[in-house]
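Hi,

Here is the structure I promised to pass along.

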Amino acid sequence: MKVNVSRSALVVCAAAAIVATGGANAVVDTADVTISTGQPSSPGTPRGTATSTASSSTPATGGTPATGGTSASSSTPATGKASPAVGALFSGGNHFCSASVVHSPTGDLLLTAAHCVSGDVSGVTFKPGYHDGIAPYGTWQVTAAVLADGWKSSSDQDLDFAFLKVAQPGSASLESLTGANQLGTNQGFSHTITLTGYPNGAEQPVVCTGATTQSDAYQQRVACPGFPDGTSGGPWVVDQNPSTGTGTVIGAIGGYQTGGATPDVSYSAYFDDDIAQLYRSAIS
């Protein structure tokens with residue numbers, strides 16, 4: 001479990017009900033939601049449908065042990081500066097989960113794990129690029145959350161992802177300040193990713209470069225050392241631009257064992273048509 005459960009009762013969607021418009025095989029890279037084709041490694045029908053208002057949910061527990069995967073090859077902890085599009089979620093003055101900016105028409109959308117989201121939205125904030133007590137891009141209020149129906153009803157580990165909307169006074173959008181990752185779906189299971197997250201109590205994020213593998217039909221894993229509680233929701237990014245720190249996000253720490261029972265192996269639900277539909281709901 002990679003979330004501080006004492007601060008995990010957090011967000012209820014404050015928005016009106018949102019109706020999914022459907023989506024498939026998407027890499028979202030424009031404000032108009034451009035659709036391009038990916039090749040899923042594991043065929044099958046979508047497990048859930050996009051949701052509307054988020055209700056109280058509890059962290060996933062148990063689940064079928066991951067199978068069919070092998071240990072990821074060499075992973076390299078990085079000491080370099082994290083992407084400005086990655087930050088920490090705060091409640092009560094402490095950070096408890098991680099999140100990242102994902103491209104949207106309004107520039108106000110975050111991606112995190114669903115198990116980070118439940119409870120009251122009023123006290124939750126996002127600080128992109130946070131380090132050493134400094135929020136270089138400001139503090140953003142979380143105003144709404146969008147989760148899959150299958151997560152809300154049964155904490156389905158294969159749907160352990162969520163979108164959050166944020167706002168702060170002023171005219172600039174979050175994305176215009178930090179940049180944003182594109183959402184990649186149906187991209188397959190074998191990649192070299194940059195993984196970032198904020199451990200509980202730490203004043204700096206941890207960053208790792210690692211190789212992903214398939215661990216179950218709709219689960220992926222990476223062996224990256226040093227990702228304990230608090231790193232849930234941290235993005236899995238491919239093709240990261242060294243100048244901007246952004247790329248395509250294909251996962252977020254969560255899923256099996258709510259992200260992994262040890263700090264050295266992390267999991268994510270596979271990003272397929274379910275998250276594409278959820279994204280469309282979030283921006284509609």
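Let me start with a charge and a ring: K127 sits over the face of F90, 4.3 Å from the ring centre. A charge counts as sitting over a ring if NZ of Lys or CZ of Arg is within 6 Å of the ring centre and within 35 degrees of the ring normal.

Before going on, some housekeeping. This is a predicted model, in which local features need pLDDT of at least 70, side-chain atom pairs count only at pLDDT 80 or more, and totals for chains, interfaces and linings use all residues. Residues are numbered from 1 along each chain as its sequence is written, and side-chain values use heavy atoms, with hydrogens and water left out.

Now the aromatic residues. Searching the whole structure gives 6 aromatic pairs (rings of Phe, Tyr and Trp, the last by its six-membered ring, with centres within 6.5 Å; planes under 30 degrees apart are stacked, over 60 edge-to-face, the rest tilted). One of them is F90 with Y130: the ring centres are 5.0 Å apart and the planes meet at 70°, so this pair is edge-to-face. F90 belongs to strand β3 (residues 86–91) and Y130 to the loop between β6 (124–128) and β7 (140–147), so the pair ties together parts 40 residues apart in sequence. Both F90 and Y130 are buried (under 20% relative accessible area, with exposed over 50% and partly exposed in between; 1.4 Å probe, protein chains only). Ring pairs also bring Y198 into a cluster with F90 and Y130.

A further edge-to-face pair is F163 with Y279, at 5.8 Å between centres and 70° between planes. Here strand β8 (residues 162–167) holds F163 and helix α3 (residues 273–283) holds Y279, so the pair ties together parts 116 residues apart in sequence. F163 and Y279 are both buried.

For the chain overall, there are 3 helices and 15 strands (DSSP runs numbered from the N terminus: helices are H or I of at least four residues, strands E of at least two). Of its 284 residues, 56% are buried.

Finally, confidence. The protein chain has an average pLDDT of 80, and 72% of residues score at least 70; pLDDT is the predictor's confidence in each residue, from 0 to 100. The value is below 50 over residues 6–26 and under 50 over residues 28–73. Where pLDDT is low, the predicted coordinates should not be read in detail.

Best wishes

Notes: Contact means heavy atoms within 4.5 Å.
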